[in-house]
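Work through the exercises below with the sequence and the structure at hand. Each task is followed by a stepwise solution.

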Amino acid sequence: MIGVSKLLGGDNKFGDQLRYSKKSKNQKHGTRKGHGPVVVWNITRTCNLNCTHCYSDSDYKRYEGELKTAEAKEFIDDLDHFNVPVLLFSGGEPLIRDDIYELAEYTAQKGIRPTISTNGTLITKEVAQRLKNIGVGYVGISFDGMRETNDRFRGGDGAFDKALEGLHNCLDVGQKVGLRFTINRHNYHDLDDIFDLIENENIPRACFYHLVYSGRGSGMIKEDISNEKSRKAMDLIIDRTLDFQKRSLNKEILTVDNHADGIYIYLRMKKEYPQKAENILELLKRNGGNRSGIAIANVDWNGNVHPDQFTQNYTLGNIRKRNFSEIWTDTSQSEILAALRDRKSLLKGRCAKCQWLNICNGNFRPRAEAVYEDFWQEDPACYLTYEEIGLE
């Protein structure tokens, strides 16, 4: 996750202490010294929508084997002992689970920040108030374009309007909320309009995701935008963020799942605003790039532990058999976990020779595996030129 607004000179936000703290540098199994990773928990696989790019391949039906409430609380207790800073409830659609409020409140009571990733269509005024009351730290609502584009991707008419209503319901009760947008060739043209939406609807935070080829998204390799368009998308994101800051509009803007973004921001600012560049480079060094299997972890609906939510084809263990903290710290039981924590010598192609390897850390492995059938090959979504990465 790249804090675009932070790198460009914006205010510190909650996540910045996890991404850019001096204590974050060189951590082997946590966000920073003395802390465990951010954990993304797919609390259920069931979803009321049928999104084209869903990495969990969810549907509106009941799936067997999901963790029960008592098991979930034992899991949260272990996360508390492991000093995990954030537990992200995801899905499927997490608000479908009957005990979501009980579990989110239990998480908050343990001192872990509960956050929710949702399609937003189920957030009534009552739901928004309840989320606020139990201490949910943040709600991320997914939009995949403006109205027509979004509803086509989400597989349901009216999904855009319901999600926007859910977002406003959160804003009305003071629940921290933001927008999530996954960039692909079908919604690329909506990107500028999404920034207008952010301003016009007073949305305080937005995360722009690069497409990761996983789950139903694995069939979307050809649906990704070109490297040239990725550069143009980043230019637009940078320009609009700088404009927000120039007009004192306090918006937190982030990009996710492509660490080339941070380097691209640095290289552009080095030319245009050199006074910003040195600080940007220092922050990127502290972060260290992709931290799947290090500072980010995933637990699925059946209790299986994975390096991240896009790498569910690699299972490290199951929390019904062993505590998450034990699974996460014992690399002797998982070759892939050990490799991810010392991956630089395993990388191939452009990634192996890139001058920014210490800042990017090889970017996203699932995309490399999807395209080249080789987990350690170069990330095909890196849009930096050969010259920019120090190669002829």
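Angles under 35 degrees count as roughly parallel, over 145 as roughly antiparallel, 65 to 115 as roughly perpendicular and the rest as oblique. The model is a predicted one, in which local features need pLDDT of at least 70 and side-chain atom pairs count only at pLDDT 80 or more, while totals for chains, interfaces and linings use all residues. Residues are numbered from 1 along each chain as its sequence is written, and side-chain values use heavy atoms, with hydrogens and water left out.

**Exercise 1**

Classify the packing of helix α5 (residues 125-134) against helix α7 (residues 159-173) and describe the contact.

Step 1. Axes are lines fitted to C-alpha atoms, for helices over the stretch in contact, and angles run from 0 to 180 degrees between N-to-C directions. Helices (H or I, at least four residues) and strands (E, at least two) are DSSP runs, numbered from the N terminus.

Step 2. The axes of α5 and α7 cross at roughly 50° and come within 8 Å. The two helices are therefore oblique to each other.

Step 3. A crossing is left-handed if the near helix is turned anticlockwise from the far one by less than a right angle, and right-handed if clockwise. The crossing of α5 with α7 is right-handed.

Step 4. With contact taken as heavy atoms within 4.5 Å, α5 contributes Lys 125, Ala 128, Gln 129 and Lys 132, and α7 contributes Asn 169, Cys 170, Asp 172 and Val 173.

Step 5. Ala, Val, Leu, Ile, Met, Phe, Trp, Tyr, Cys and Pro count as nonpolar, Asp, Glu, Lys and Arg as charged, and the others, Gly among them, as polar. The residues of this contact comprise three nonpolar, two polar and three charged.

**Exercise 2**

Describe the packing of α9 and α10 in the same terms.

Step 1. The axes of α9 and α10 are 11 Å apart, and the packing angle is about 65°.

Step 2. The crossing of α9 and α10 is right-handed.

Step 3. On the α9 side the contact involves Arg 231, Met 234, Asp 235, Ile 238, Asp 239 and Leu 242; on the α10 side it involves Asp 261, Tyr 264, Ile 265, Arg 268 and Met 269.

Step 4. By class, the contact has six nonpolar, no polar and five charged residues.

**Exercise 3**

Find the salt bridge partners of Arg 19, Arg 240 and Arg 268, and state how exposed each residue is.

Step 1. A salt bridge is a side-chain nitrogen of Lys or Arg within 4 Å of a carboxyl oxygen of Asp or Glu. The whole structure holds 24 salt bridges. Buried means under 20% relative accessible area, exposed over 50%, and partly exposed in between (1.4 Å probe, protein chains only).

Step 2. Arg 19 pairs with Asp 16, with closest N and O atoms 3.2 Å apart. Both residues lie in helix α2 (residues 16-19), three residues apart, about one turn of the helix. Arg 19 is buried at 9%, and Asp 16 is buried at 5%. Asp 16, Arg 19, Arg 205 and Glu 252 are linked in a salt-bridge network.

Step 3. Arg 240 pairs with Asp 192 at 2.6 Å between the closest N and O atoms. Arg 240 is in helix α9 (residues 227-246) and Asp 192 in helix α8 (residues 191-200), so the pair ties together parts 48 residues apart in sequence. Arg 240 is buried at 13%, whereas Asp 192 is partly exposed at 34%.

Step 4. Arg 268 pairs with Glu 272, the closest N and O atoms being 2.9 Å apart. Arg 268 is buried at 14%, whereas Glu 272 is partly exposed at 41%.
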